[in-house]
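Please look at the structure first.

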Amino acid sequence: MLLTRGFFQIVRLKTSLNFKAIRPVISVDKRFQHTPKLDSLPPEERGRYKVATIPNAICLARIASTPLIGYLVVQHHFSPAFALFTIAGATDLLDGWIARNVPGQKSLLGSVLDPVADKLLISTMFITMTHAGLIPVALTTIVILRDVCLITGGFYKRFQQMDPPYSLNRFFNPQVNSMQVVPTMMSKVPE
């Protein structure tokens, strides 16, 4: 009998003659272990699976600065908030330029991390500016719902492109059925 469940494939069931004990023999299916070995990839492809890249560090710094910018807006310290927001925008350009022009710095993680950092910063700005009374609630609601729909659609597209078995570890592993997020020119137009 051949059954497939989750990460394991049950190859066959052995039973004794008295049918008292059923002992499954479980082995990992080799079809689902298709993560590439970095040494076997050409040098220009090795960077795709790297996590520690300069653009990723810049994106993480932008994500880390987002709560500070939001705090400054809520406290009505608009000049420092604007300065930090401008620096965050410049780092967005910088990490994109580095990823495109420096060999080995383009990564699948970065292709996902950069839009997430942008959405997080923009959403935080809309929420905090609404809290400070600078933007109407209806506009903020529309922008946040749009971003939630984009993120949900991205997760759904990732789920559609995955091969079984499904798990959170495989879902967030960029080496499994890797897809790269490529922004359109329309997404770069200021909101």
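Buried means under 20% relative accessible area, exposed over 50% and partly exposed in between, with a 1.4 Å probe and protein chains only. The model is predicted: local features need pLDDT of at least 70, side-chain atom pairs count only at pLDDT 80 or more, and totals for chains, interfaces and linings use all residues. Residues are numbered from 1 along each chain as its sequence is written, and side-chain values use heavy atoms, without hydrogens and water.

Q: Is Asn-56 buried or exposed?
A: Asn-56 sits in helix α2. Helices here are DSSP runs of H or I, at least four residues, numbered from the N terminus. The relative accessibility of Asn-56 is 2%, so Asn-56 counts as buried.

Q: How are α3 and α4 oriented to each other?
A: Axes are lines fitted to C-alpha atoms over the stretch in contact, and angles run from 0 to 180 degrees between N-to-C directions. For α3 and α4 the angle is about 165°, with the axes 11 Å apart. Angles under 35 degrees count as roughly parallel, 65 to 115 as roughly perpendicular, over 145 as roughly antiparallel and the rest as oblique. Therefore α3 and α4 are roughly antiparallel.

Terms used: Helices (H or I, at least four residues) and strands (E, at least two) are DSSP runs, numbered from the N terminus.
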